[in-house]
Amino acid sequence: MANKRIFLSPPHMGGEELRYVKKAFESNYVAPAGPHLESLERAFSETVEIPYAVALSSGTAAMHIALRSLGVGPGDEVIASTMTFIGSVSPVTFFGGVPVFIDSDLTSWNMDPDLLANELEACKKRGKLPRAVIPTDLYGQCCDLDRIIDICEPYNIPVVVDAAEALGATYNDRSAGAGAKAAIFSFNGNKIITTSGGGILASEDKELIEYARKLSQQAREPFPHYEHKEIGYNYRMSNILAAIGLGQLKVLNDRVTKKRKIFDFYYNALKNVPGVEFMPEARYGRSNRWLTVILITPEEFGADRETVRLALESENIESRPVWKPMHMQPVFRAEIQGQKLLAKNGSINPYPARVVGGSVAEDLFFRGLCLPSGTAMTKGDLNRIVSVIIKCRKNKYARM
Ligand SMILES: Cc1ncc(COP(=O)(O)O)c(C=O)c1O
């Protein structure tokens, strides 16, 4: 019989979720509004200490509405991390905006603040500043937010943190995303806590969240009939999913503790293996270690990350390459001809985008592997995973 499948980061219910869902059914709030939704927004705000929040259908929807609320429009540039998931930046293109990607730094793998500072200076010289900056908190590690805000402030550019992966992480003792103009979070099924699908936009700016809430409900004006002065979206989270979220929020701290223990297990098992490195933890914060990520140097380890991934897969264990950087994605690939940024030859449906640097993120992509990090895993599961990885190295010597 095949071994039990180990998934990368599956949902892990805490036990109270069904009770909340049952309550929602009993009160017949099987609807895109209701008391659980309001409770979730309140409880979430208290947890992350960001005073206002609106619960939405996904993290991508939250980013879409955040950028719309900040007035991003056709031709506007928006700076983002190149090392991220596409949901972080696809909303820029929904408005006809142009993403500009910034490379990672080596200490956090997040947006390199020095490259950002250089790029903003260059933007100023060219006479066109970006409308927003979106740093991603990668794999649960916060970006260097205060530095990024300090760099953006003189230009009056708002920072929207993509904290989709970083709920429960801290930066200088603040929650991920706190202190920025706005932050988005995801409750996708693979995240540290989940509502099956969903997201939240949070901000200290009450007006921004009130406007976002209105946009998420078809931009309905406060009239008894349906009155619309502008176009909105149908992006509100349902009350049923919010009920799941209320149960999940209760176990967030436990999940962070367990994710960090999983990292420690892998670290202790593999730290002395030549050719294996771990995603560093920046000194300014505490990662939630949403996923444990390793770098494999083939010349030292004896196998490349794809060989290891396939070896794990053959044992029914899911792992995944690190995000392919956005500047390497066919949809964003571009070349400069004269003064113009054009889609690379042969691209279909192209959204040509600039990149600043890129070699650090490329290297992380080629060598990086995300290991199974589900919080319901047992010691036995972890031992199974580690033994497959170590066997890949032993095979090197077997071949010699
Ligand atoms: C970094 C990052 N940004 C944005 C998103 C988008 O979130 P969602 O899947 O809820 O739309 C995700 C996760 O899925 C993510 O990992």
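Which residues in H2 meet which residues in H8? The legends below start with that contact and then move on to other parts of the chain.

This is a predicted model, in which local features need pLDDT of at least 70 and side-chain atom pairs count only at pLDDT 80 or more, while totals for chains, interfaces and linings use all residues. Residues are numbered from 1 along each chain as its sequence is written.

**View 1. Helix H2 meets helix H8.** From H2, the residues that take part are His-36, Leu-37, Ser-39, Leu-40, Ala-43, Phe-44 and Thr-47, and from H8 they are Asn-239, Ala-242, Ala-243, Gly-245, Leu-246 and Leu-249. By class, this contact of H2 with H8 has eight nonpolar, five polar and no charged residues (Ala, Val, Leu, Ile, Met, Phe, Trp, Tyr, Cys and Pro count as nonpolar, Asp, Glu, Lys and Arg as charged, and the others, Gly among them, as polar). Two residues are in contact if their C-beta atoms, placed from the backbone, lie within 7 Å. The axes of H2 and H8 come within 8 Å and cross at roughly 35 degrees; such axes are lines fitted to C-alpha atoms, for helices over the stretch in contact, with angles from 0 to 180 degrees between N-to-C directions. The crossing of the two helices is left-handed, a term for a near helix turned anticlockwise from the far one by less than a right angle. Helices (H or I, at least four residues) and strands (E, at least two) are DSSP runs, numbered from the N terminus.

**View 2. Helix H2 and its two faces.** The expected span is 1.5 Å times one less than the number of residues. His-36, Leu-37, Leu-40, Glu-41, Phe-44 and Val-48 are the buried residues of H2. They lie on the same side of H2, because they cover an arc of only 140 degrees around the axis, the arc being that of the directions from the helix axis to the C-beta atoms. A residue is buried if 20 or more other C-beta atoms lie within 10 Å of its own, exposed if 12 or fewer, and partly exposed in between, with C-beta atoms placed from the backbone. Arg-42 and Glu-46 are exposed on the face turned away from the buried side. The cover over the buried residues of H2 includes helix H1 (17–26), strands S1 (52–56), S7 (174–175) and S9 (199–203), and helix H8 (239–249). Glu-49 follows H2 with a positive phi, near 55 degrees.

**View 3. Helix H7 and the elements it packs against.** In H7, residues 206–216, the buried residues are Leu-208, Ile-209, Ala-212, Leu-215 and Ser-216. Their arc around the axis is only 120 degrees, which puts them on the same side of H7. They pack against S1, helix H3 (59–69), strand S8 (182–186) and S9. On the other side, Lys-206 and Glu-207 are exposed. Tyr-211 also has its place in H7 and is partly exposed, with 17 other C-beta atoms within 10 Å. Just after the helix, Gln-218 takes a positive phi of about 60 degrees.

**View 4. Helix H9 from end to end.** The 19 residues of H9, 252–270, should span 27 Å at 1.5 Å a residue, which agrees with end C-alpha atoms 27 Å apart. Its buried residues are Arg-255, Val-256, Lys-259, Ile-262, Phe-263 and Tyr-266. These cover an arc of only 120 degrees around the axis, so they sit on the same side of H9. The face turned away from them carries the exposed residues Asn-253, Asp-264 and Asn-268.

**View 5. Val-308 in helix H11.** Val-308 has its place in H11, residues 305–314, and counts as buried because it has 23 C-beta neighbours inside 10 Å. Leaving aside neighbours within four places in sequence, Val-308 is in contact with Ile-296, Ala-303, Leu-369, Ile-389 and Cys-392.

**View 6. Positive phi in two loops.** Trp-109, in the loop between strand S3 (98–102) and helix H5 (113–126), has a positive phi of about 70 degrees although it is not a glycine. With 25 C-beta neighbours inside 10 Å, Trp-109 counts as buried. Asn-172 is found in the loop between strand S6 (170–171) and S7, and its phi is positive too, near 45 degrees. Asn-172 counts as partly exposed, with 14 C-beta neighbours inside 10 Å.
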